[in-house]
Amino acid sequence: VYCTKCGTNNDANATTCAQCGNALHPPAFGTPVTPPTPPLPPAQSFPTPPPPQQYQQAPIAQAYTQPPATAAQVPNYLVQAILVTLFCCLPFGIASIIYASQVNTKLAVGDIAGAMAASKQAKLFAWIGFGASAVVIGCYLLFLLLVMMGAIASGTHVH
Amino acid sequence: MFSAALLAGMAAAVTLGTPGHASFLPPCPLHAFTGFFCPGCGTTRALYYLVHGHPLMAFGENALSMSLLPFVLFDLFAVLTRRWPTISSRLRPWSLWTLLAIVIMFGILRNIPGSPFTLLAPTDIR
């Protein structure tokens, strides 16, 4: 169940959000998340057969199985992407920004599954970027430490 | 909580240390290895100037990151506190693609040697 307040994915039987404590309500019965746009029948001279019964039931089944996700609930990790781009690792940051843009692009056309997938990718690249920055900063501090120790050992003064 | 502590640490580091040569603040890895300026080069120095009360100098170091700063701060706060939805999730797709183009263009333009473009390149603190 996705929290309606912060968007965190909680257990299906959770009553309160693990992240923000918001009371979780089960998804309302029968409200279609993605109302599928029925394909417009092309202008034909012969009558088209009625759509199969299975298709009519699809929206309700979908509302049952899929968590309700609206625009605010698919995070695009743009801030993280910008921070990674500016502070350390340009390639990962740019990749993350691209996926962040895809999240909003796909949401705009109602492709929630696609937006979720892009969101996952944006998050992944943002974390790779954060990890890479941690490694870079760690290596730099280690290097600095070694230089300082070397300077102390040789008796020169460090500015 | 961890992120907040990290942010406070970064703010303290930028306030106390002087970025540039012979400092404990890390340089941009891309610039250190290739000599090119990335879109983020100069952000640490820009923050240093901002914290020390020189907003114009901050813009001189990195105009892009300083322009994005209010948005980043707000969204970071929104993400960390989860009190209200982020701006980034409400942005129209075209504005995100424009932002991506601006970041890439900024990264290219500031590497061009020449009169108008050198304004975008960061300057060094001596």
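I take a contact to mean heavy atoms within 4.5 Å. With that, I looked at chain B: residues 24 or more positions apart account for 49% of its contacts with a separation of 6 or more.

**Ground rules.** I am reading a predicted model, where local features need pLDDT of at least 70, side-chain atom pairs count only at pLDDT 80 or more, and totals for chains, interfaces and linings use all residues. Residues are numbered from 1 along each chain as its sequence is written, chains are lettered from A and ligands numbered from 1 in the order in which they are written, and side-chain values use heavy atoms, with hydrogens and water left out.

**Elements.** I counted six helices and zero strands in chain B. Both are DSSP runs numbered from the N terminus: helices are H or I with at least four residues, strands E with at least two. From the N terminus I read α-α-α-α-α-α.

**Burial and surface.** I looked up chain B's 126 residues: 37% are buried (under 20% relative accessible area, 1.4 Å probe, protein chains only). The chain exposes about 7300 Å², by the Shrake-Rupley method with a 1.4 Å probe. Carbon and sulfur atoms supply 75% of that area.

**Salt bridge.** I searched all chains for a side-chain nitrogen of Lys or Arg within 4 Å of a carboxyl oxygen of Asp or Glu. The structure holds one such salt bridge. It joins the side chains of R45(B) and E61(B), 3.7 Å from N to O. R45(B) sits in helix 3 (residues 43-51) and E61(B) in helix 4 (residues 55-61), so the pair ties together parts 16 residues apart in sequence. I then checked burial of both partners. R45(B) counts as buried at 18% relative accessibility. E61(B) counts as buried at 0%.

How values were computed. Buried < 20%, exposed > 50% of the residue type's maximum accessible area, 1.4 Å probe, protein only.
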